Amino acid sequence: MEQRISLVTLGVTDLPRARAFYERLGWHGQEVEETVFFQAGGLALVLWGRERVAADAGIEDPGGGGFGGITLAQNVRSRDEVDALLADAAAAGAEITQPARETFYGGYAGCFADPDGHVWEVAWNPGFPLAADGTLTVPDFGATG
């Protein structure tokens, strides 16, 4: 398996509500067959009915709510950008689950949950510089194995 991700699909309970939320954040999507696709750098973020995601994966959905053990993250270029993006998310209808704060790695970050409870971290990390197009490259930590 190649070391890359092509799509991240979020199972949502109300597709129009979810799409409207992401569009209030400034994202631009395309809806095809009750599925919304957002270009997100080199991958796509997809919104699809939660029950359809579960059926497609061949699993039982225990129902909405609760933390699913996954966070999505967007690294930004400054501390001020963290604060601004969290404010924009709150204005768009997100729940701020962790206000911006200093991090153990010398950065600054906070978290919000979208209307379906998907958690996003917004972070400024001085050790992970971003290219002009927003691409993040994991630095060489000098780790082995």
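Q: In what sense do strand 3 and strand 4 pair?
A: Antiparallel, over six bridges. This is a predicted model. Strand 3 covers residues 35–40 and strand 4 covers residues 43–49.

Q: Which residue of strand 4 does V36 stand opposite?
A: V36 faces L47 there.

Q: What's the strand order in the open sheet of four strands?
A: The order is 1-4-3-2, and the pairing is mixed.

Q: And which are the edge strands?
A: Strand 1 (7–12) and strand 2 (29–32). Each pairs on one side only.

Q: How much are neighbouring strands of this sheet turned against each other?
A: By 25° on average, direction ignored.

Q: Which strands does helix 2 lie across?
A: Helix 2 (residues 50–57) lies across strand 1 and strand 4. Helix 2 runs at about 105° to strand 4.

Q: Switching to helix 3. What should its 14 residues span?
A: At 1.5 Å a residue, helix 3 (residues 79–92) should span 20 Å. Its end C-alpha atoms are 20 Å apart, so that agrees.

Q: Which residues of helix 3 are buried?
A: V82, L86, A89 and A92. Seen down the axis, the buried residues fall within an arc of 125°, so they line one face of helix 3.

Q: Why would residues three or four places apart point the same way?
A: Because an α-helix has 3.6 residues a turn.

Q: What covers the buried residues of helix 3?
A: The cover includes helix 1 (15–24), strand 6 (95–102), strand 7 (108–113) and strand 8 (119–124).

Technical notes: Residues are numbered from 1 along each chain as its sequence is written. This is a predicted model: local features need pLDDT of at least 70, side-chain atom pairs count only at pLDDT 80 or more; totals for chains, interfaces and linings use all residues. Side-chain values use heavy atoms; hydrogens and water are left out. Two strands pair if DSSP finds at least two bridges between them. Helices (H or I, at least four residues) and strands (E, at least two) are DSSP runs, numbered from the N terminus. Axes are lines fitted to C-alpha atoms, for helices over the stretch in contact, and angles run from 0 to 180 degrees between N-to-C directions. Contact means heavy atoms within 4.5 Å. The expected span of a helix is 1.5 Å times one less than its number of residues. Buried means under 20% relative accessible area, exposed over 50%, partly exposed in between (1.4 Å probe, protein chains only). The arc is that of the directions from the helix axis to the C-beta atoms.
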